[in-house]
Each structure stands twice: as C-alpha cells, then as structure tokens.
Amino acid sequence: MKTATLERAGFRTVGDLANVTREQIIRIPTVGWRTADLLSENRQALIDASDAETGTDWDGYCETTRIPLLPHEGRPRSGKDFLASLPDFLAEVADNLADETFSAILRERICQPPERQKTLDEIAATTSPPVTRERIRQKEKKLLGQLTGGLLNDTYGTLGIHFRPEFSIWWKRAADRLSHLEEIEFTDLVEALSAEWEVPNHAVITQLPIILAIVTGEPQMSGEFRAASRVDPRLFGNLRGEVLELPLNRLRLGRYAERLAEAGSETVGDIVVRLRAGSLGARGGKAAEVAAMHANQLASCLRDDGLIDWQSYRTANALSCLPASPTVNAAEFVATLRETVCDLLTACRITKRASEIYRLRTSRTLGSQMTLQAVADALDTHLPTVKREETVFLSFLNGVLIGHDFSKLPVWLDDLWLEYWDEARASYEIARDNYGEFSENLAWKWRLTVRDIGKAAPTIWAVLSGYPNDRRSKRAISKAPVVNPIIDPDPQLPAGRIRLRGFRRVH
C-alpha cells in the first residue's frame, strides 16, 4: 500500500477515505487500479468488522484481508506477561514478514543479545544476491521505524502484518507516559517503564536490548548499556547483606581477585555496584570480564531466601572436596590432617616440591623431623631451595586456612574442617608463641590426649606461625578479612542519557 503517497494527497486516516470513490483515488499520481482495488477491499473489510458498541473485530478484519494478526496466541494481562512474551512475539513477526532481509535482521540482530548479534556485513553476505553493509543498515533502520510505527501509531508501512491492540497497548501506555520528553536518563527510563508496567526493574533489564531497539530506533546499545544487558537480572534485585559483604577472595577468581582489589573492588557488593552502573565492561580488561562472568554465576546459585547455595557454586566450578569424607569430629580432624594438607599442596602445586618437603619435614615433630640439608639431599636439590619453598607454601596455607583466601584454590574445603582451623587459631593466640601450652590448650579444647594432638600440632603450628615445629613466629598470622559496610541494596542502573527517537506517539 502506498501509504506515503496517500498521506501527501491529504488522506491520513481511514475516516478521510470513507467517502472517497475508487475513481477519485485513481486520480492520485502514481496510484493505479491495483492499489485502488486493494484500498477499497480493506476499507470495506474494516467497515464490516466494526461495531459502534464493541469496536473493531480485528480477528475478523485480518482474516478477511489475509493479514497476520500478531501475536497469534495470548493477550498479555500484566506487565510481567507482556515482557515475558517479547522474544516469542518478535520471532512471530520474523516468521510473517515477506521481506527475507527484514526477517534476518530481526532474528539475527534485534532479537539477539549484544554478544550474539550478527554484524551488518555478516547479514549482507547471506542475502541473495549479496548487498552492501550500508544497504542492510538502511533496511534495519526502516524495519525499526515500521515496528515502532505499528506498535505505537498503527502505521505499518510495508510490513504486511497487524498487531493485536491487547499487545500494543503496553507500548502505547509507556509512550504516553514519556511523550513529553525528548531524551531521558537511563535510570529514569527503566524506573518509568517499571512503574507503568508494574514490574520490578530487573524484569525490564531482562528485555533491555529489545526495549531499547524500539525506544531509540537503534539496534546497537552504547557500551555501558551493553554491559548492563549482560548482567544476570537477579543482580538488579535486593541482594542480602551477607552476599554483598562477601569478600571476593572467597570466590574462585584466581589472580584476578588481587587485581580487582587493587582497583578498589574487594567484595561482591563492590562488583555488583559497578555492574549495575555499567562500568564493569570489556574496557575494564580481563579482570573485569572475569568478575562480571563470576557475578552472573553467583547469581545463578542464589537460593530462594537470597543466600548462596554453595553446593551449586561448587558444582558450577567442578570443585572436588577436601577432605574427601566430611569431617565429623576433632579426633578425625587431627588423625587425617597430615594426609589432607599433603593432598591440598599436591592439588594446588604451590611449589615443585611442596608436598614432599611437608611430608619429610614440616609435618613432623622435632624428634622425627629431617633437617633442611637432609631434605635437600633426599630431594636432590639445595638447602636454600628447600627453605624457600617451605616458606612459600606455609604462607600460602596460612592465607587459605586462616585468612580464607580461596581465590586460587582448585578444590573445595569442608566447612567443619575449616572451623577446626579457626579454633586452633584462637588457641595459638592465647599460647603467646609457646608450643607446649598451645598443644595442651588444643588437647583440652578438643577433649583429646596430648599424644593424639601430637599428630597434628606440628602442622597447625607451622601454618599459624610460618615456621615448622616449636620455633617462634617472626610474623603475625593472617588477619580476618576486612568486610566493607553494607551497601545500599536498592537497584542502581547505568547512568547516561538516551534519545527517544522511536518512542514518540503521533497524536
């Protein structure tokens, strides 16, 4: 239908054409008999489908004119239903467009999240015959304009489809709310749409790429908006303080945990704030990319009560557990401690000979302990090397078992097993570097004999002090992780302004 031609001739509404004859339409330049006949048929079908009391029967009209009425099924009764139906709706639109290039643009770009959108060049190469990138860009702009026109103003151009009023009304309501604005802050836009559709902010964020394509008339979002669209919507909700305060070194971020800390992000809450603000994107480097990916993974492990399901987190990261069998009491802890720590050192590969040095020297009592030189001879290396490696792996174990820095751990540590380490730390602080008093305190605390404690005391002392057996420590044990204050859990959204190019209704 030559809509633009008719509008230039002064016919802008169906009412303008109500009393116009077929012969009068033919007199309009470039309008032929075929257009005149089609217009007459459509006008009569609309008259037949209209009733003064019940309105227009769009199902009947579209059936008569053989125009697809979309969506085929379902009339959203709430904002939640409307947003959830958007992907399927656009897929239906793509299936019913006569222009195959329009369909490809809709399926491969507008309906896809930013990271999976095909480029203009990729779509251009698949057309038959191939066209230029600029031609695809022009068609994309035209398609978005016609989609917006159909949803907001019932002007469909060449789309050859019709939208159900029960569906398009949600767009029209939002457009009416924003019709007085030329541009808007991103935060204000999301909050306005959330209020109009009566849904939480994260529900709008879920469909962010599609909404922004209609709102702005542009399929590509700016960098901060693109970053926000990749964030798990659950991170835009009200997260529990326990989650926000969680130190990043409790997560398996590897060396990136240190880089993030240097950049001022030490807790999950710090990362969430940056994600919500759209400031943790690809431009932040590999550390930012890993942090965003890990935050989304953490969001997928949230329980219904808002806390983290650590079993799901462990499964998601394919972490085996140490000790292999859950610790049930203190007697089992001390009996298996040497073997478990040896397994931990083997799994972590802190130094080349860490597990052997630990087994031959660090884990033993003074009477059975090998000297540095004897260990060096046994391992065919040098005394300074043994000393250096022992210092390195004891520092690492202290950070893990006392400081709870799990960022580089390739395994999962049993919770109760770690609790015994916390209790041992308390006894160590009371003993004031006195190995004998330390052993006696542990024996009394855990209701064990001094002989039983003797199996584990050398290892515990070495990890806490940094030195094997009963030598005095020259450094303090790891301090408990510093927890930042609870941040405001109210959703924070990306800053910036967007132009509402496509989101203007014609009144």
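Me: Where in the chain is Ala318 placed, and is Ala318 buried or exposed?
Reply: In this predicted model, Ala318 sits in the loop between helix H18 (310-316) and S6. Its phi is near 50°, a positive value in a residue other than glycine. The relative accessible area is 67%, and exposed means over 50%, so Ala318 counts as exposed.

Me: Which loop holds Arg66, and what is the phi of Arg66?
Reply: Arg66 falls in the loop between helix H4 (58-65) and strand S3 (69-70). With a relative accessible area of 71%, Arg66 is exposed. Arg66 is not a glycine, yet its phi is positive, about 60°.

Me: What is omega at the peptide bond that joins Ser128 and Pro129?
Reply: Pro129 belongs to the loop between helix H7 (120-126) and helix H8 (133-153). The bond joining Ser128 and Pro129 is cis, with omega about -5°.

Me: Where is Pro323, and what is omega at the bond that joins Leu322 and Pro323?
Reply: Pro323 is in the loop between strand S6 (320-322) and H19. A cis peptide bond links Leu322 to Pro323, and its omega is about -10°.

Me: At what angle do helix H20 and helix H22 pack, and which word describes that angle, parallel or perpendicular?
Reply: The axes of H20 (residues 354-362) and H22 (residues 383-401) are 10 Å apart, at an angle of about 100°. Angles of 65 to 115 degrees count as roughly perpendicular. H20 is therefore roughly perpendicular to H22.

Me: Which residues of H22 meet H20, and how many residues of each class are in the contact?
Reply: From H20, Ala354, Ile357, Tyr358, Arg361 and Thr362 take part. Facing them in H22 are Val386, Glu389, Glu390, Phe393 and Leu394. By class, the contact of H20 with H22 has 6 nonpolar, 1 polar and 3 charged residues.

Me: What span should the 19 residues of H22 have, and how far apart are the end C-alpha atoms?
Reply: At 1.5 Å a residue, H22 should span 27 Å. Its end C-alpha atoms agree with that, being separated by 27 Å.

Me: Against which elements do the buried residues of H22 pack?
Reply: The buried residues of H22 include Thr385, Phe396, Asn398 and Leu401. The buried residues of H22 pack against helix H19 (330-348), H20, helix H21 (372-378), strand S7 (411-413), H23 and helix H26 (457-465).

Me: Which residues have the most contacts inside the largest nonpolar core?
Reply: The largest nonpolar core has 51 residues. Among the helices that each supply at least two residues of this core are helix H5 (79-95), helix H9 (165-178) and helix H10 (186-197). The residues with the most contacts inside the core are Trp171 and Trp197.

Me: Which residues does Trp171 touch, leaving out those up to four places away in sequence?
Reply: On that count, the residues touched by Trp171 include Phe82, Leu86, Leu151 and Leu152.

Me: How many residues are in the second, separate core?
Reply: This core includes Val341, Leu397, Phe438 and Leu442. Of these, Leu397 is also one of the buried residues of H22. The second core has 50 residues.

Me: Is Ile430 buried or exposed, and what does Ile430 contact beyond four places in sequence?
Reply: Ile430 is in helix H23 (residues 415-431). Its relative accessible area is 56%, so Ile430 is exposed. The C-alpha atoms of Ile430 and Asn441 are separated by 8.6 Å, at 11 residues apart along the chain. Leaving aside neighbours within four places, Ile430 is in contact with Glu437 and Asn441.

Terms used: Residues numbered from 1 in each chain as written. Predicted model: local features only at pLDDT ≥ 70, side-chain atom pairs only at ≥ 80, totals over all residues. Heavy atoms only, no water. Helix = DSSP H or I, 4+ residues; strand = E, 2+ residues; numbered from the N terminus. Buried < 20%, exposed > 50% of the residue type's maximum accessible area, 1.4 Å probe, protein only. Contact = heavy atoms within 4.5 Å. Axes fitted to C-alpha atoms, helices over the stretch in contact; angles between N-to-C directions. Parallel < 35°, antiparallel > 145°, perpendicular 65-115°, else oblique. Nonpolar A, V, L, I, M, F, W, Y, C, P; charged D, E, K, R; others polar. Expected span 1.5 Å × (residues − 1). Core = buried A, V, L, I, M, F, W, Y, C linked by side-chain atoms within 4.5 Å.
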